[in-house]
Structure formats: C-alpha cells, structure tokens
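Please look through the model below before reading on. The text is meant to be read alongside the sequence and the coordinates.

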Amino acid sequence: MSDCLFCKIIAGEIPSTKIYDDEYVYAFADIDPQAPFHAVIVPKTHITSAAEINSDNSIYIAKIFEAVAKIAENEKLEKGFRVVNNCGEDGGQTVGHLHFHLLARRYLQWPPG
C-alpha cells in the first residue's frame with residue numbers, strides 16, 4: 001500500500017532501527033518507546049488490522065509469534081515480556097497496518113497504567 005507508513009518502513013523508504021527481519025516479518029525499534037525494550041513487529045504484507053486476519057493471511061500471525069520468540073531469545077528477555085495488538089480506532093490503533101508491540105525490561109503492571 002503506497003501511503004502506508006509501515007509499508008514504507010518495510011520497503012526501506014523510511015529509516016528504522018532493525019531488530020529482526022525474515023521473509024514474513026520485520027521488527028524495528030519503536031520511535032516512542034513505552035519500555036526500555038520496545039519493538040514494533042509487522043507482517044511484510046499489508047493487513048490493515050487484526051479484524052482482517054483470515055485463512056489466506058493467518059500464516060503471517062504464526063510467523064510474527066515465531067519472531068517474538070526469536071527476538072526474546074536474542075535480546076535475552078528471560079524475565080518476561082508483553083505482546084500487544086491494538087485493533088481499530090477505539091482499540092488505540094494509530095497506524096493502519098497490523099502490528100504488535102513487544103515490550104520488556106521493566107515490570108509491566110496489569111491492568112496497564
């Protein structure tokens with residue numbers, strides 16, 4: 001999608017600090033981190049939100065969570081981490097490309113505060 005911020009990051013048109021990259025997934029450092037470690041993990045195909053996940057594109061979700069495990073191991077996040085997805089306007093989604101936040105290296109209270 002030509003006007004999508006995350007598609008432009010994936011394409012290298014907008015610079016990012018790469019954390020992980022494979023055939024299906026790209027992860028980069030969040031520019032407004034909410035924890036000492038904060039990665040944004042996106043599928044390399046444009047899926048607008050979690051509401052659009054279906055049998056044709058669900059492989060990307062599996063690959064994202066495989067990437068989460070690899071990132072956690074590479075970053076030595078053995079004390080734990082949180083994976084967050086915001087879906088739609090009321091869910092707090094600000095970029096119209098499915099993405100997950102991987103937060104770590106601080107205690108993450110529940111409910112979030």
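The paragraphs below take up a helix, a pocket, some of the residues around them, and a few points of backbone geometry.

This is a predicted model, in which local features need pLDDT of at least 70 and side-chain atom pairs count only at pLDDT 80 or more, while totals for chains, interfaces and linings use all residues. Residues are numbered from 1 along each chain as its sequence is written, and side-chain values use heavy atoms, with hydrogens and water left out.

Helix 2 covers residues 59-74. Helices here are DSSP runs of H or I with at least four residues, strands are runs of E with at least two, and both are numbered from the N terminus. The expected span of a helix is 1.5 Å times one less than its number of residues. For the 16 residues of helix 2 this gives 22 Å, and the end C-alpha atoms are 22 Å apart, so the two values agree.

Which residues of helix 2 are buried? They are Tyr60, Ile61, Ile64, Ala67, Val68, Ile71 and Ala72, where buried means under 20% relative accessible area, exposed means over 50%, and partly exposed lies in between (1.4 Å probe, protein chains only). Seen down the axis of helix 2, the buried residues fall within an arc of 135 degrees, so they line one face of the helix. The arc is taken from the directions that run from the helix axis to the C-beta atoms. An α-helix has 3.6 residues a turn, so residues three or four places apart point the same way. The buried residues of helix 2 pack against strand 1 (18-21), strand 2, strand 3, strand 4 and strand 5.

Glutamate 66 also lies in helix 2. Its relative accessibility is 38%, so glutamate 66 counts as partly exposed. Glutamate 66 and valine 25 are 41 residues apart along the chain, and their C-alpha atoms are separated by 9.5 Å.

Just after helix 2 comes lysine 76, with a positive phi of about 55 degrees. This is a positive value in a residue other than glycine. Lysine 76 belongs to the loop between helix 2 and strand 4, and is exposed, with a relative accessible area of 59%. From lysine 76 to cysteine 7 the separation is 69 residues in sequence and 28 Å in space, C-alpha to C-alpha.

The largest pocket holds about 730 Å³ of space. On a 1 Å grid over the protein atoms alone, a pocket is an open set of points with protein on both sides within 12 Å along at least five of seven lines, where a cavity is a set of points where a 1.4 Å probe fits but cannot get out; lining residues have an atom within 4 Å of a point. Grid points are joined across faces, edges and corners, and the volume is the space filled by probe spheres set on the points.

The lining of the largest pocket has 33 residues, and Asp30, Asp32, Gln34, His38 and His101 lie nearest the centre. At least two lining residues come from each of helix 1 (5-10), strand 2 (25-29), strand 3 (37-43), strand 4 (81-84) and strand 5 (100-104). By type, the lining has 17 nonpolar, 12 polar and four charged residues. In this scheme Ala, Val, Leu, Ile, Met, Phe, Trp, Tyr, Cys and Pro are nonpolar, Asp, Glu, Lys and Arg are charged, and the others, Gly among them, are polar.

Aspartate 30 sits in the loop between strand 2 and strand 3 and is buried, with a relative accessible area of 16%. Not counting residues up to four places away in sequence, aspartate 30 touches His38, Ala39, Val40 and His101, a contact being heavy atoms within 4.5 Å. Glutamine 34 is in the loop between strand 2 and strand 3, but at 44% relative accessibility glutamine 34 counts as partly exposed. Leaving aside neighbours within four places in sequence, glutamine 34 is in contact with Leu103 and Arg106.

Histidine 97, in the loop between strand 4 and strand 5, is buried at a relative accessible area of 0%. Beyond its neighbours within four places in sequence, the contacts of histidine 97 include Cys4, Phe6, Cys7 and Ile10, as well as Val42 and Pro43.

The segment after strand 5 contains arginine 105, which has a positive phi of about 75 degrees although it is not a glycine. Proline 111 is found in the segment after strand 5, and a cis peptide bond with omega of about -5 degrees joins tryptophan 110 to proline 111.
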